[in-house]
Amino acid sequence: MASSLYAFYLALPSTLEQGLIYALLALGVMITYLILDFPDLTVDGSFPLGGAVSTALILQGVSPALALLAATASGMAAGLCTGLIHVKLKIRALFSGIIMMTALYSINLRIAGGSSLLSIPRTSVTLFRNNALVRLLPQDTQILIISLILVVMVKIIIDLMLQTRFGLLLRATGDNEQVVTALARNKGNMKIAGLIIANGLVALCGGVLTQQQRLFEISMGTGAMVLALASVIIGVNSLKRFEWLRPTTKTIIGTLVYKACYSLAISLGLRPGDMKLVTALLFLGILSAWIFKPRRVTHDA
Amino acid sequence: MLEMRNIRKIYNPGTVRALCLFEDFNLMVPQGQFVSIVGSNGSGKSSLMNLLCGSILPDAGQILMDGQDITKMSEHRRLKRIGRIHQNPALGTCSGMSILENMALADNKPKRMNLMPGVDKKQIGRYRDLLRPLGLGLENMMNARAGTLSGGQRQALAMVMSVMTPLDFLILDEHTAALDPKTSDIIMELTQRVVREHSLTALMVTHNLRYAIEYGNRLLMLHQGGIVLDVADEDKAATRLEDVLGLFTQISVELGN
Amino acid sequence: MKKLTSLLLAICLFALMTPCGAVSADTVRIGIAQYANHPSLDNCREGFLEGLAMGGYIQGQNLEADYQNAQSDIGLAAIIANTFVSSGMDLVCAIATPMAVIAVTTADGRIPVIYTAVSAPVASELAYADRPFDGNATGTSDQLPVRDQLALIRALQPQAKTIGLLYTIGEINSQVQASLYREAAADYGFEIVESTITTAADIPLALPKLISQVDCISMLTDNTVVQHLDLVLDQTDAAGLPVYGSEVEQVKNGCVAAVGIDYLELGRKTGLIAVRVLQGESADSIPFEVLSEFDLFYNQEVLTRMGLNVPEELLPLLSEVSDAL
C-alpha cells in the first residue's frame with residue numbers, strides 16, 4: 001500500500017502535466033456540452049485529427065506554432081462539418097458527431113501516411129523541445145510551465161469570449177433556442193460557430209499532446225469524449241457551491257482531479273486494461289451522487 | 001399592417017391523418033389594432049400564430065407585413081419586428097442566465113453581433129427603470145437566474161424584453177394560460193400598457209373569454225380554420241360575454257368537446 | 001462532496017508521510033511490456049527471464065518483473081509504457097516493434113529500454129546505422145532470413161510462381177520485410193503479391209482475393225497477422241494453399257515449413273544484454289544483436305495434406321515438428 005502511494009507521489013508531476021494538457025480537451029467539450037448543450041462525439045475524431053496534422057507537419061520540419069495552428073484549423077473544419085450535417089441536413093446531434101468521428105478515423109490514417117503509429121525524433125523542434133523558450137526553463141519544469149502558460153492563455157480567451165455579445169448569444173443558444181430565434185438571430189449558425197470553436201480547441205489539444213509525447217497513435221481518440229466529459233462533470237458538479245468560480249476554472253480543476261484519480265488507480269496496481277472500467281465507475285459515481293444539470297425546455301406544445 | 005391571403009395549410013398531407021386546417025383563409029389586421037382571438041381546440045389559433053411567425057410555412061397563400069411579402073422569410077428574420085410571448089413562461093427567457101444578462105441579450109437585438117462586451121454595465125440603471133413599473137421587485141434581483149423566478153415574473157420579464165427595442169407587432173400566444181388568476185391579471189395589465197405605450201399591432205390568442213372581451217378592440221372567433229365571429233370597435237364594445245360564450249359553447253358542442 | 005474532499009486529503013497526507021524508498025534497495029524492478037499475445041513473443045519473454053536468471057537476477061529473489069500485455073492495442077501500449085516509466089522502473093523490456101517505439105519515446109532516455117523481436121531497429125528509429133544510439137536503448141532484432149526462406153519455398157514448390165504477403169499497413173517491421181522480399185524474389189524466380197490490413201478484423205476479408213492470386217503465402221513477423229494465424233489458416237487450409245511460417249511455433253500450429261528464428265534464444269540474448277545494462281554498462285554503448293543461425297522446420301502432416309514433399313537432399317537439414325504441442 002505504501003509503495004503504491006509512493007508511486008502515485010512520484011507520478012504527480014507527470015499527472016499535473018497531463019492534466020493541464022488534457023484541460024484543453026475538456027475546455028473544448030465544455031463549450032459544446034455545457035454551454036451549447038450539444039453532445040458532440042466529433043471529439044473522438046477531431047482530437048487525433050489535431051495530433052495527426054501536427055505530427056505530420058512537425059516531421060516535415062514545420063515550426064511547432066504553425067503546426068499547432070494547422071491542427072486547430074483542421075479541428076475547426078471538422079466542427080464545421082458536424083455543424084452543417086446537423087443544421088442543414090437536420091440530422092440529430094448525436095448522429096452528426098458519430099458520422100464525423102467515423103469519417104475522421106480514415107482521414108486521420110491518411111494524414112498519418114497510412115501509419116497507425118508515428119514517432120517524432122528527439123532532435124525535432126516541438127513546443128516542448130529544442131526551442132528558444134524551452135532553453136530558458138529549468139529541465140524538470142519545462143513541460144509543466146509551457147502547458148500552464150498555454151492553458152492560462154486559452155482560459156482567458158474563452159472567458160473573455162463568453163462575455164462578448166457573441167458569447168452571450170452562444171450561452172443563450174444552449175440555454176433556450178427559442179430566445180435566440182426571438183432575438184432575430186440564426187440559432188443554426190450559432191450552433192455551428194460553437195462546434196467550430198470547440199473542435200478547434202480539441203484538435204489543438206491533440207496537437208499539443210502529440211508534440212509532448214512525441215508520439216501519434218491512431219487510436220488516441222478513443223475515449224477522449226468520455227475523459228473530457230468526466231473532467232467537466234467532476235469539475236462543475238463538485239465545485240457547484242463556488243458560484244464565483246468560472247466554468248473554465250472548474251473544468252480545468254476537474255481535469256486535474258480526474259487525472260489524479262486515474263494515476264492513483266494505476267499506482268494501486270490496477271492493470272492498464274482495467275482503466276476503462278475505472279473510468280466508467282468514476283463517471284457513474286459522480287453522476288449519481290450529484291443532481292446533474294436541470295433539463296432544458298425544448299419547445300412549446 | 002398584417003395581411004394573410006388565401007392561406008392553405010394541410011397537416012400530414014397524403015396520409016390517413018391528413019387534416020386540412022386552413023383553406024383559403026384571409027385576414028387583415030390594420031396598423032395599431034389589438035385583436036383578441038378565441039376558438040375551440042383545434043380551431044387553428046396556435047397554427048395561425050405559427051404561420052405568422054414563420055415556425056410553420058403555408059402550403060399556399062401569402063403573408064404580408066406592411067405590404068412586404070414575408071411568406072418565404074425565415075422565422076428568425078421575421079422576428080426582428082415581431083415579438084412573441086408563449087404560453088410556457090420558460091420559453092421567453094434563458095433560465096440559466098441572470099435577469100441582467102437576459103435584458104442585455106434583448107438590448108443587443110438590433111445591434112451587430114460582434115466581440116464587444118455583451119453586458120453594458122452603464123445600462124443597468126435603465127434596465128432597472130424598465131422593471132420597476134412592473135411592481136414585482138425584479139429591479140432588485142438583477143443577478144438572479146431567470147430560472148429561479150416564478151412563471152408570472154418570467155412572463156413579465158419576457159414582455160419587457162420584447163419591447164425593449166423597436167417592435168411593430170406583438171403576438172401573445174395564450175400567455176396567461178399557465179399563470180394563476182392574480183398574476184394573469186397583472187400580466188394583462190402589463191400587456192395593455194405595453195401595447196398602448198408602444199402603439200403596437202397586437203394579436204392575442206386566449207382561452208379566457210373575459211379577457212377577450214375586456215381587452216383589445218377587435219374580437220375574432222375561429223372554428224375549424226374559419227372565422228365565425230369578427231367584431232371590431234363599437235361592435236366589440238357592445239358584445240357581451242354571454243353572447244360570445246353562447247356561440248363558443250355551440251361550436252364546441254359541434255366538435256364534441 | 002465533503003467525503004470526496006476528505007478522502008483525497010487523507011490520501012495526500014498519507015502519501016506525504018510515507019518514508020522514501022519503500023522498496024528494498026537491492027531488488028531490481030523491471031517492466032516487461034509485450035505488444036501482442038502470441039507464442040513467438042511469449043517465447044521471447046520466457047527467454048528473457050532465462051537470460052536474466054543466467055546473469056543472477058531471479059524473479060522473486062532479487063528481481064521484481066512486472067509483465068503487461070498490450071493485446072495489440074496501441075492505446076493500451078501507450079498506457080503501459082507511461083505506467084512503467086512514471087513508476088520508476090530500473091529497466092523496461094519492450095517486446096515487438098510498436099511497443100519498443102512507444103517505450104523508447106515515452107522513456108525519453110530516463111530509463112533504459114531493452115527491446116526484442118524488433119525486425120528493423122534502424123528503420124524504426126531505435127538504432128542508427130552508422131553511430132551509437134543516443135536514446136538509452138538497445139536490444140535484439142529478429143530480422144528475417146528472407147533469402148533462406150525463398151530458397152526453401154523454391155525447394156518445396158518447384159513450380160510455384162507467386163508468393164503472397166499479408167501484413168498490417170502501419171507496422172514498420174512488416175514494411176521493411178516486404179521490401180526485402182520484393183528485392184530478393186526475382187532471384188528465386190518468384191513474384192510477390194501483397195495484401196495489407198489495418199486490423200485483425202480485416203484478415204478474413206483480405207484473404208480470399210490474395211489466395212486466388214498466389215501459389216503460397218509466406219508469413220512475416222507482423223504482430224497482428226501472427227497473432228491471428230488461425231484466421232489465416234482457416235481459409236488457406238480450405239483452399240489447399242501452403243503457408244510458410246516465420247518461426248517454429250507457427251509450423252507447429254499449421255504452417256508447412258519455415259526458416260525460423262528461435263525466439264527463446266533471442267530472448268535469452270536479450271536477457272543477457274539487460275544484465276549488462278543493470279550492472280552499469282550504458283545501453284547506448286551496446287549495439288543491437290541479431291541471431292546468425294537459423295533452423296529449418298517442417299510439418300509432415302501439413303505437407304502431406306498440401307501434397308508436398310521434402311526433397312531427399314534437404315531432409316538432414318530440417319527438423320520435423322508436429323501439431324502435438
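This is a predicted model: local features need pLDDT of at least 70, side-chain atom pairs count only at pLDDT 80 or more; totals for chains, interfaces and linings use all residues.
**Entry 1: chain C as a whole**

Next I looked up the extent of the C-alpha trace, and along the principal axes it spans about 75 × 45 × 40 Å. Buried residues account for 50% of the 325 residues in chain C. I also looked at contacts with a separation of 6 or more in chain C, and 72% of them join residues 24 or more positions apart.

**Entry 2: the parallel sheet of chain C**

In what order do the strands of the 6-stranded open sheet in chain C run? I read it off as S2-S1-S3-S4-S5-S11, with parallel pairing. The edges belong to strand S2 (63-69) and strand S11 (289-290) of chain C; each has a single partner strand, so one side of each is left without a neighbour in the sheet.

I zoomed in on one pair, strand S4 (residues 113-116) and strand S5 (residues 137-141) of chain C, which pair in the parallel sense over 3 bridges. Within that pair, I noted Thr138(C) in S5(C) as the bridge partner of Ile114(C).

Helix H3 (residues 74-86) of chain C does, touching strand S1 (28-34), S2 and strand S3 (91-95), and its direction makes about 170 degrees with that of S1(C). H4(C) packs on the sheet too, in touch with S1, S3, S4 and S5 of chain C, and its direction makes about 155 degrees with that of S3(C).

**Entry 3: helix H6 of chain C**

H4(C) turned up again when I moved on to H6(C). Helix H6 covers residues 172-185 of chain C, and its 14 residues reach 20 Å from the first C-alpha to the last, close to the 20 Å expected. Which residues of H6(C) are buried? My list reads Ile172(C), Asn173(C), Ser174(C), Gln175(C), Val176(C), Gln177(C), Ala178(C), Tyr181(C) and Ala185(C). I traced what they pack against in chain C: helix H4 (97-107), helix H5 (146-156), strand S6 (162-168) and strand S7 (191-197).

**Entry 4: a sheet in chain B**

Over in chain B I found an open sheet of 4 strands, ordered S2-S1-S4-S5, with antiparallel pairing. Strand S2 (19-29) and strand S5 (68-69) of chain B are the edge strands, and each pairs on one side only. I followed strand S4 (residues 60-65) of chain B to S5(B), where the two pair in the antiparallel sense over 2 bridges. There I saw Leu64(B) standing opposite Asp69(B) of S5(B). Helix H1 (residues 45-53) of chain B lies across strand S1 (2-11), S2 and S4 of chain B, and runs at about 115 degrees to S1(B).

**Entry 5: where chain A meets its partners**

I took the A–C contact and counted 32 residues of chain A in contact with 27 residues of chain C. On the chain A side, helix H1 (2-35), strand S1 (117-119), strand S2 (215-217) and helix H11 (247-267) each supply at least two residues. H1(A) gives the most, with 10 residues. By class, I sorted this side of chain A into 17 nonpolar, 11 polar and 4 charged residues.

For the A–B contact, I found 21 residues from chain A and 30 residues from chain B. Helix H7 (165-175) and helix H8 (177-182) of chain A each supply at least two residues to the side that touches chain B, and the largest share, 8 residues, comes from H7(A). This side of chain A divides into 9 nonpolar, 7 polar and 5 charged residues.

**Entry 6: two positive phi values**

Last, I looked up two residues with positive phi that are not glycine. Arg214(A) has a phi of about 60 degrees, and its place is the loop between helix H9 (187-213) and S2 of chain A. Is Arg214(A) buried or exposed? It has 21 C-beta neighbours inside 10 Å, so I put it down as buried.

Ser199(B) has a phi near 50 degrees and lies in the loop between helix H6 (181-197) and strand S8 (201-205) of chain B. With 10 C-beta neighbours inside 10 Å, Ser199(B) counts as exposed.

How values were computed: Residues are numbered from 1 along each chain as its sequence is written. Chains are lettered from A and ligands numbered from 1 in the order in which they are written. The expected span of a helix is 1.5 Å times one less than its number of residues. A residue is buried if 20 or more other C-beta atoms lie within 10 Å of its own, exposed if 12 or fewer, and partly exposed in between; C-beta atoms are placed from the backbone. Two residues are in contact if their C-beta atoms, placed from the backbone, lie within 7 Å. Ala, Val, Leu, Ile, Met, Phe, Trp, Tyr, Cys and Pro count as nonpolar, Asp, Glu, Lys and Arg as charged, and the others, Gly among them, as polar. Two strands pair if DSSP finds at least two bridges between them. Axes are lines fitted to C-alpha atoms, for helices over the stretch in contact, and angles run from 0 to 180 degrees between N-to-C directions.
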